[in-house]
Amino acid sequence: MRAGGRGAAVSGALLLLFLLLPVAAASGWWLARRDPGPKARSTPGADPDFFRGINYLLDEQPDKAIDVFLKLAAVDGETVETHLALGSLFRRRGEADRAIRIHQNLIARDNLSAEQRGYALFELGQDYMRAGLLDRAEILFQELAEIGLQRERALRGLLDIYQQERDWGQCLEVAERLKPFSERPLAAEIAQYQCELAEEARRRADPDAARRALARAQDVDPHCVRAAIIEGQMALADGDREAALALFLRVADQGARYVPEVLPGLMQALEELGRTDLIAVLAGLAAREPSGPVVLALSEAQLQESGPAAAKATLTGYLARNVDLAALERLLDLQARAAALGAEAAYRAGVVHGVVRHLLTRQPVYQCDHCGFSARALHWQCPSCKRWGTVQPVQPERIPGDEVLRERRLA
Ligand SMILES: [Zn+2]
């Protein structure tokens, strides 16, 4: 289940261009056009076919671009940029073996500039990753990061490898090395690595190590919702219900969209504390952020305490403003139980209910804010775009306010 195949192809082609142009410039592409000396043969600047290939890339026609670059490479085996473009295109097309051969041949040359060598080594590292040869990619990226060529990209490559290997200690070390070169802050990622370490410590029944990791996560990113969730779950498991409740309510402050994740624990803590204000707490949460699970829990508590009328009123009020199949399914269920329908009306109601229930099983529960990846389980790192903390519980689609008013007037 993922979205945006075409979008990924476009951004892939643009990224390639972005990567290619600085290399061409650095290697004297532009200079060569003005001063066609003996080195000009190693640059593609004078050849209009190179631009034709670039245009094909811009037009998202990688196969045509490959044809052009292959011809160029056959005419002039020296051109570095042409080979870099070819290697990258083959890798993007899934032909990692061909990409590896091209980049290895490039690196074997003794006339490359330092920039060209660094670039080709980085590309080779990416080929290895594509081929699943993570250990070889790791060696290359480590070397590049140490000699200072393509340093930021090499460190990001290492981060990618260690994340795939779930080696969070190494991730933390690389993130520290990356900090001075990174344009965007790494605090959120670092906090997530600490949370991963905390989860591992919990699994091996080492609560002290888990708490230390969570404290570090909150030091580096005070808004880390995940750390509050884990800490709350640990407190509840320890029987410290007051602390658990405070932490779960902090989740509502820090990231209201994650409340469904802590809802069962929050309700358990309230119940075990003997609190009688469950409905008030849930109503407060529902008023802050539209959330199907919270409204369902609220209507359930109202059903228990004061009967179906209050539960139905809550569900109806919510559905008047939000498109939510789970709430609709529950409302239909309550209505079917209450009404004494004739056989045909009961059959029709049953069909409608069945359709809603079927649609509900296909409704994504979580979605990535960045790439649109949808899932039915929470992933702290998006499996598609690899960003952290972007997969969130799906919020219901809002019905515009004027439509709600019109419906009321009609009623
Ligand atoms: Zn994503």
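Select Arg330 first: leaving aside neighbours within four places in sequence, Arg330 is in contact (heavy atoms within 4.5 Å) with Leu296, Glu300, Leu303, Leu315 and Arg337. Arg330 is found in helix α19, residues 325-338. Helices here are DSSP runs of H or I with at least four residues, strands are E runs of at least two, and both are numbered from the N terminus. Arg330 counts as buried because its relative accessibility is 12%, and buried means under 20% relative accessible area, with a 1.4 Å probe and protein chains only.

A note on the model. It is predicted, so local features need pLDDT of at least 70 and side-chain atom pairs count only at pLDDT 80 or more, while totals for chains, interfaces and linings use all residues. Residues are numbered from 1 along each chain as its sequence is written, and side-chain values use heavy atoms, with hydrogens and water left out.

Three strands form an open sheet in the order β3-β2-β4, with antiparallel pairing. Strands β3 (374-375) and β4 (391-393) each have a single partner strand, so one side of each is left without a neighbour in the sheet. Pairing requires at least two DSSP bridges between strands; β2 (366-368) and β4 have three. Select Cys368: it stands opposite Val391 in β4.

Note on methods:
Buried means under 20% relative accessible area, exposed over 50%, partly exposed in between (1.4 Å probe, protein chains only).
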